[in-house]
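Here's a quick briefing to read alongside the model. Take a look at the sequence and the 3D view, then work through the points below.

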Amino acid sequence: MVTASRWRRPGRLAGTALCALSALTGVAAAHSGGLGGATRDPLAIPTWLFLLTGGGVVGVSFLLASFVTDRRLVDALHDWHRPLPTPGRLVRTTARLAALAVLAATLAVGYLGPSTGVRNLAVLVVWVAWWGGYVASTYLLGNTWATLNPFRTLASALPSLDRPYPDRLGAWPSVAGLLLLVWVEVMTPLADDPRLLATVLVVYTVITLAGTVTVGAEAWFGNADPLSRAFRLYGQLAPLHVADGRLRLRLPGAALPDTVLDGRDDVAFVVTLLFVTTYDGFVATGPWASGARAVVDAGVPAPLLYLGAYLVGAVLFYLAYRASARLGRRQADTYLTTAYLARRFAPALLPIAAGYHLAHNLGSVLVLGPTLAAVAMAPLSPPASPPQLAGLPAWVGGVELACVLLGHLVAVWVAHATAYDVFPSRLQAVRSQYGVTAVMVGYTMLSLWIVTEPYVAPPFIAT
Amino acid sequence: MNPDRDADVPPDATPHVCERCGHPFTAESRLALHRGLAHTELTPEEREAFEAAREEEEADLRRFRLLALAALVALYFGFLMTYAVVT
């Protein structure tokens with residue numbers, strides 16, 4: 001049986017990616033005319049060429065975007081919007097109460113239900129319905145978390161001391177919170193142990209409510225809560241949004257070029273959002289497993305190694321992005337500060353993060369969707385082996401790769417539109433994107449490498 | 001953008017500062033473009049400077065497009081050859 005944790009690891013993506021790749025190389029071989037028929041060997045092209053191709057696609061899309069030099073066209077695409085009927089108060093209250101009921105049921109079943117991950121509704125609700133499905137809806141449809149957030153509903157029922165939120169903390173608590181949440185997710189069997197999952201949920205609830213009681217719900221969810229911040233940022237990418245109290249439709253990603261992040265703390269959050277996905281995949285690769293074994297054999301405690309690699313990786317990601325902003329500043333020959341350019345261009349990274357999120361979770365949502373339905377019918381006495389899709393057709397792997405690619409293409413376009421918004425000279429705008437494009441090419445190659453590495457269970461941690 | 005916070009002019013530089021919003025630029029032509037794009041109601045001289053800067057920009061863009069096209073062709077054939085040799 002497939003466990004939930006196995007499915008939400010990106011390692012599974014590797015198999016499907018290689019299927020899609022072998023189909024591609026089959027086409028390439030047919031074109032060069034040397035070989036008759038498609039080859040089925042999944043390693044038909046060397047990894048370096050695969051990575052180079054991925055990086056090349058991003059570079060080419062930058063060059064293609066640079067041909068769009070009509071400012072009016074760029075603006076028209078981003079200003080396009082249509083009004084939609086706005087849901088009434090009744091709908092919102094019902095949705096809010098339903099979300100609260102789901103949280104209560106998740107906690108109860110987490111403690112009282114069966115102890116195997118894939119038969120427990122709590123695990124399925126959190127990983128399949130919420131993390132896989134709901135999170136995807138925040139960037140594919142619109143950010144509904146501000147309304148649904150059951151923790152906010154709970155907080156609104158509690159009194160608040162309304163202490164002022166310290167401004168110098170800014171978004172840093174949410175950066176730390178995001179790092180901590182993903183750290184717990186990587187290091188503990190959170191997808192196989194419902195009791196542990198329910199406990200983590202209780203801890204999160206207690207911390208959140210303590211925060212809202214101290215500084216007030218608005219300040220807490222606006223600054224310190226990592227989930228609210230992540231969904232708010234993802235919502236900037238989504239086609240549905242609320243403006244002046246009205247629901248409106250826009251093109252996906254259209255709001256990102258106008259999004260100016262508040263400070264370097266916000267930039268750090270966006271970069272961290274991208275980094276945590278990478279780390280989750282990176283520790284499940286062969287080179288990491290052999291490297292980690294060697295280091296632990298040399299006497300370094302395993303948790304320290306994982307923590308060190310995690311924090312160093314996060315800092316490296318941030319420094320790389322910062323360096324790209326500095327390069328952009330030098331190339332564009334401008335008086336604008338590096339910090340300002342970093343704040344302007346960081347939203348362009350969000351489509352990449354969303355693309356990887358979708359690619360990593362699409363398979364598990366499809367495969368475990370029937371499981372969720374079957375277990376939800378009888379949460380306390382679920383079937384002994386609940387149904388799941390036996391396997392996914394090969395084209396799903398193609399869809400996953402397409403999600404990754406589409407994320408990168410939208411990101412390149414957003415960077416292009418942002419540069420046009422920032423600089424009066426269009427050539428200056430093109431030059432300012434050299435840095436961020438270099439970072440995107442590098443990041444594509446790194447992620448594709450992780451995706452092509454076969455899944456190896458991370459050593460020394462309980463999964 | 002807030003010129004005080006988001007711009008950093010080195011002490012030895014002579015920036016071309018927009019008299020309407022305080023935004024500093026490294027070249028007169030960029031200031032002229034900025035006026036035409038960000039502000040309305042230009043004086044006839046400013047309008048003329050904007051048109052001139054725009055023409056100059058068009059010429060630069062044409063040159064850049066040629067370079068970008070060359071880069072695209074180089075990438076395309078580079079990959080084609082690499083795939084032909086490797087697979």
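How far does helix H14 (residues 286–297) of chain A reach from its first C-alpha to its last? It reaches 17 Å with its twelve residues, close to the 16 Å expected at 1.5 Å a residue (the expected span is 1.5 Å times one less than the number of residues). Bear in mind that this is a predicted model, where local features need pLDDT of at least 70, side-chain atom pairs count only at pLDDT 80 or more, and totals for chains, interfaces and linings use all residues. Residues are numbered from 1 along each chain as its sequence is written, while chains are lettered from A and ligands numbered from 1 in the order in which they are written.

**After H14**
- Just past H14(A), A:Gly299 has a positive phi of about 105 degrees.
- Helices here are DSSP runs (H or I, at least four residues), numbered from the N terminus.

**Two helices side by side**
- H13 (residues 264–282) and H17 (residues 350–377), both of chain A, pack at about 25 degrees with axes 9 Å apart.
- That makes H13(A) roughly parallel to H17(A) (angles under 35 degrees count as such).
- A:Val270, A:Leu273, A:Leu274 and A:Thr277 in H13(A) meet residues of H17(A), including A:Tyr356 and A:His360 (contact means C-beta atoms, placed from the backbone, within 7 Å).

**Where the chains touch**
- Chain B gives 27 residues to the contact, and chain A gives 28.
- On chain B's side, H3(B) brings the largest share, 14 residues.

Key: Two residues are in contact if their C-beta atoms, placed from the backbone, lie within 7 Å. Axes are lines fitted to C-alpha atoms, for helices over the stretch in contact, and angles run from 0 to 180 degrees between N-to-C directions. Angles under 35 degrees count as roughly parallel, over 145 as roughly antiparallel, 65 to 115 as roughly perpendicular and the rest as oblique.
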